[in-house]
Amino acid sequence: MALIAWQRTDERAVFGRWRAAVGRELPGRARPLLDLLRPDGDNPQFSEPLSRTLEEGLAAVREAAPRLGDGLLYRVAGRTPGAPSRLRALWGQDRTAWERLETAVGSAREAVIAPHWPRMRIRRSFQADVARRTRLLATHGIKACLAGTHPKAGWSGTVFEVGEPPDREVRLGGGGPLLMPSAFWTGRPLLADRPDGSHVLHYPAMSPPPPGRAVVGRPDTHQLGRRHAVTP
């Protein structure tokens, strides 16, 4: 999520100093990640696995190779004119390309996250959102809890809606989403489809992002459209 925020040109008051620092510190080995990660959050799921540890996340990236289809390649390459050959090498199951991608993830973490993790305000921002949203859920219920994830979020009966494009409708079939606040995402809620069929709702944390140098990992996400079916 930090690399996605780094590519954005808005929110200068919040991310300006931090973006400049990342630009100086990000090693060339991490650049292959930028071929996959768009600042609008519409990114290949395998590039942003939801994991509890770096090792688990790297394993998920490695294991994604056999599952990639040509349709995803064309979508990713099509949105980036003149897409570099290393993207095509990934879809061609080139071992060296996948090793470079794994190295890129590790290098980005070591340069941007690891040095600052012990004193990061990002952890406090995450914990504050969880605490406040838990109280909101207990006091006012699931509808208030989800409606508070975005200014344009709301309910139409049992349908959770976000009034921003693009349109996408998802039926959860009785399963609730996992809520994942982020101090580095300030846009509309994003939806991740996990391999086990469950979903993760990624949304801006209630606490504002830190103005200094701080970063955070994120789950793989897809844009949440105006209609999102939810069974409370």
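How much space lies in the second largest pocket? About 150 Å³, in a model that is predicted, with local features needing pLDDT of at least 70, side-chain atom pairs counting only at pLDDT 80 or more, and totals for chains, interfaces and linings using all residues. Residues are numbered from 1 along each chain as its sequence is written, and side-chain values use heavy atoms, with hydrogens and water left out.

Let's start with the whole chain. The protein chain has 8 helices and 7 strands; these are DSSP runs numbered from the N terminus, with helices (H or I) of at least four residues and strands (E) of at least two. Of the 232 residues in the protein chain, 46% are buried. Here buried means under 20% relative accessible area, exposed means over 50%, and partly exposed is in between, using a 1.4 Å probe and protein chains only. The protein chain exposes about 11,600 Å², and carbon and sulfur atoms supply 53% of that area. Such areas come from the Shrake-Rupley method with a 1.4 Å probe, and for residues only the protein chains shown count as cover. As for contacts (heavy atoms within 4.5 Å), take those in the protein chain with a separation of 6 or more: residues 24 or more positions apart account for 68% of them.

Now back to the pocket. A pocket is found on a 1 Å grid over the protein atoms alone, as an open set of points with protein on both sides within 12 Å along at least five of seven lines; its lining residues have an atom within 4 Å of a point. Grid points are joined across faces, edges and corners, and the volume is the space filled by probe spheres set on the points. Val130, Arg133, Thr134, Leu137, Ile142, Cys145, Leu179, Pro181 and Tyr203 line the second largest pocket. Two or more lining residues come from each of α7, α8 (142-147) and β3 (178-182), and α7 gives the largest share, 4 residues. By class, this lining has 7 nonpolar, 1 polar and 1 charged residues. In this count, Ala, Val, Leu, Ile, Met, Phe, Trp, Tyr, Cys and Pro are nonpolar, Asp, Glu, Lys and Arg are charged, and the others, Gly among them, are polar.

Arginine 133, one of the lining residues, sits in helix α7 (residues 121-140). Arginine 133 counts as buried because its relative accessibility is 4%. Leaving aside residues up to four places away in sequence, arginine 133 touches Cys145, Gly148, Thr149, Leu179, Tyr203 and Met206. Arginine 133 and threonine 149 are 16 residues apart in sequence, with 9.4 Å from C-alpha to C-alpha.

Side chains of opposite charge can pair when their charged atoms come close. The structure holds 5 salt bridges, each with a side-chain nitrogen of Lys or Arg within 4 Å of a carboxyl oxygen of Asp or Glu. One of them joins arginine 133 to aspartate 129, with the closest N and O atoms 3.3 Å apart. Both lie in helix α7, 4 residues apart, about one turn of the helix. Aspartate 129 is buried too, at a relative accessible area of 0%.

Arginine 95 pairs with glutamate 99 in a salt bridge whose closest N and O atoms are 3.2 Å apart. These two are both in helix α6 (residues 95-113). Arginine 95 is exposed at 66%, while glutamate 99 is partly exposed at 41%. A further salt bridge links glutamate 169 and arginine 171, with 3.0 Å between the closest N and O atoms. Glutamate 169 is partly exposed at 42%, and arginine 171 is exposed at 66%.

Terms used. On a 1 Å grid over the protein atoms alone, a cavity is a set of points where a 1.4 Å probe fits but cannot get out, and a pocket is an open set with protein on both sides within 12 Å along at least five of seven lines; lining residues have an atom within 4 Å of a point.
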